[in-house]
Amino acid sequence: MSKNSFSHYMTLLSRKQSLFLLFVIGLCIGFIFTPYATSGEQVLETINYLPLMIISGVAALFSFIAIFLFRKENTIAKMNLKWQTYFVRIAILLLLGLIGTAVYFAIITPGEDMPHFGAAFPFAAWLFAYLAIRGIRLDRRRLREMDRLR
């Protein structure tokens, strides 16, 4: 690996929104392996529900792709930040769908519902994705200001 590509990846991972998106990925993957509720005597785990696993995995994938869309070059950066915004917005919509689907599975399972700590993972992932969007918007604004100054 050349020194140039190493510095690119260090810049990539030092951006706040990249760290926020890494948290989104970790929370989505963590949600798959943790119980999120108890309904009656049954413990509800994401790994037992294929739709929850798929939605969580796809949200993590879109967040992963969004991290690596960042480029430092000015002309490419404008377009990539736009695509990065789209990918994170799709991840946010998937996270909202994940929350709704998890609530649906908890409601249709007979018994009284009691949430576990895993139920907070999609909400926290949504929050970090929102913070990442804000960071990307700031980057786009800074890029426009730099273009105006030239």
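1. Helices (DSSP H or I, at least four residues) and strands (DSSP E, at least two) are DSSP runs, numbered from the N terminus. On that basis the chain has five helices and three strands. Reading from the N terminus, the order is α-α-β-β-α-α-β-α.

2. A quick word on where the values come from. This is a predicted model, in which local features need pLDDT of at least 70 and side-chain atom pairs count only at pLDDT 80 or more, while totals for chains, interfaces and linings use all residues. Residues are numbered from 1 along each chain as its sequence is written, and side-chain values use heavy atoms, with hydrogens and water left out.

3. Now the chain as a whole. Buried residues (under 20% relative accessible area; exposed is over 50%, partly exposed in between; 1.4 Å probe, protein chains only) make up 41% of the 150 residues. As for contacts (heavy atoms within 4.5 Å), take those with a separation of 6 or more: 78% of them are between residues 24 or more positions apart.

4. Of its 34 residues, Cys 28, Tyr 36, Leu 52, Val 88 and Leu 95 touch the most other members. Two or more residues come from each of helix H2 (16–32), strand E1 (35–39), helix H3 (50–67), helix H4 (74–108) and helix H5 (120–149). H4 gives the most, with nine residues. In soluble globular proteins, nonpolar side chains tend to be buried together.

5. Cys 28 is a handy place to start looking. Leaving aside neighbours within four places in sequence, Cys 28 is in contact with Ser 56, Ala 59, Ala 60, Leu 95 and Ala 125.

6. Beyond neighbours within four places in sequence, Ser 63 is in contact with Leu 21, Val 24, Ile 25 and Ala 91.

7. On to the sheet. Three strands form an open sheet in the order E2-E1-E3, with antiparallel pairing; two strands pair if DSSP finds at least two bridges between them. Strands E2 (42–45) and E3 (113–115) are the edges, each pairing on one side only. Five of the five residues in E1 are buried.

8. Which residues face each other? Four bridges join E1 to E2, and Pro 35 has Glu 45 in E2 as its bridge partner. Three bridges join E1 to E3; here Ala 37 stands opposite Pro 115, and Thr 38 has Met 114 as its bridge partner. The hairpin of E1 and E2 has two residues between the strands, and Gly 40 takes a positive phi near 70° there.

9. Last, Gln 42 in strand E2. Gln 42 is partly exposed, with a relative accessible area of 40%. Leaving aside neighbours within four places in sequence, Gln 42 is in contact with Ala 37, Tyr 49 and Thr 109. Gln 42 and Thr 109 are 67 residues apart along the chain, yet their C-alpha atoms are separated by 8.3 Å.

How values were computed
Core = buried A, V, L, I, M, F, W, Y, C linked by side-chain atoms within 4.5 Å.
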